[in-house]
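This note sets out points on the nonpolar packing and the ligand site of the model shown below.

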Amino acid sequence: MSTVLVPGPVASGVPDKPVGAEVVVIGLGPAGAQWLTPEARTELAAATDIVGYATYVNRVPVRPGQRRHATDNRVEAERAEFALDLARRGSRVAVVSSGDPGVFAMASAVLETRADRGYDDVPVRIIPGLTAAHAVASRVGAPLGHDFCMLSLSDQLKPWPVIAERLEAAAAADLVIALYNPASRSRRRQLEDAREILLRYRKPETPVVVGRAVGSDAESVRVVTLDELDTAEVDMRTLLIVGSSRTRAHGSTVFTPRSY
Ligand SMILES: C[S@@+](CC[C@H](N)C(=O)[O-])C[C@H]1O[C@@H](n2cnc3c(N)ncnc32)[C@H](O)[C@@H]1O
């Protein structure tokens, strides 16, 4: 779903004097009301306008008078500029992201657009949210209990050789690796290649947590080994946590010890 991003008058019913015209980039958490922080809830309620990818805007409870601007997922810079423009005209704009807005999400897009397209006069604040890696980790125990990194496997915004190089470096450094954006309907090869790279450094029996749609009604979480990871089961709603050489699967839990 997409709408044409043209700022219009603020509908009646919103507070007539916004406390401050600004853009507030808000993390909604990975799914569900349980992971929406009280701070995020308060900021959402104070906004005159909600801007974001339609899936995320739909997660925000409807408030009378608040304007909603849902876009498709591929227009980050335009969405950011639209939000900054609205704020410059006096609106208090909430830009919504899933998880934490600073992790592979809208906070960077808003700040980059503000810096590069002449919006330094518009105040921007970032409201943190629970990121998907932490939510998935909590379902199985503590796989992120020691040094870890987060990588996105999406080559839409950076070339695959850069991703492969980072994956290799992270694997060689024996970091636990949280893989965001592991695959999509059209992007299937990257995870296959990633698995091959990881298997050069990690044992086949390395635990891999496969968390899908965590926190929603469609949640599923499985622990498999790197060797048996079925990449066909992985989609855009999935996050993978690949253990380090120290990560242990014990009964139904997975953890990485605090001491070496
Ligand atoms: C564009 S990134 C956004 C990440 C988000 N800003 C965060 O901090 O979680 C989208 C990726 O996050 C992961 N993700 C988001 N929500 C998830 C959930 N509820 N369960 C599992 N993975 C999730 C998936 O890997 C998905 O492809």
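1. The model is predicted, so local features need pLDDT of at least 70 and side-chain atom pairs count only at pLDDT 80 or more, while totals for chains, interfaces and linings use all residues. Residues are numbered from 1 along each chain as its sequence is written, and side-chain values use heavy atoms, leaving out hydrogens and water.

2. A nonpolar core is a set of buried Ala, Val, Leu, Ile, Met, Phe, Trp, Tyr and Cys residues joined through side-chain atoms within 4.5 Å; buried means under 20% relative accessible area (1.4 Å probe, protein chains only). The largest such core has 24 residues, and L153, L167, I177, L179, V208 and L240 have the most contacts inside it. Two or more residues each come from β7 (148–152), α6 (160–172), β8 (176–180), α7 (189–201), β9 (207–212) and β11 (238–242). Of these elements, which are DSSP runs (helices H or I, at least four residues; strands E, at least two) numbered from the N terminus, α6 gives the most, with six residues.

3. A second, separate core has 18 residues, including V25, F82, M106 and A109.

4. Around the ligand there are 19 residues (a heavy atom within 4 Å), of which D100, V103, T131, M236 and T238 come nearest.

5. Polar contacts are pairs of N or O atoms within 3.5 Å. A polar backbone atom of S98 is 2.9 Å from a ligand nitrogen atom; for a backbone N or O atom of V214 the distance to a ligand nitrogen atom is 3.0 Å. The protein covers 89% of the 570 Å² of accessible area that the ligand has on its own (Shrake-Rupley method, 1.4 Å probe).

Technical notes
Buried < 20%, exposed > 50% of the residue type's maximum accessible area, 1.4 Å probe, protein only. Polar contact = N/O pair within 3.5 Å; in protein donor to acceptor, adjacent residues only side chain to side chain.
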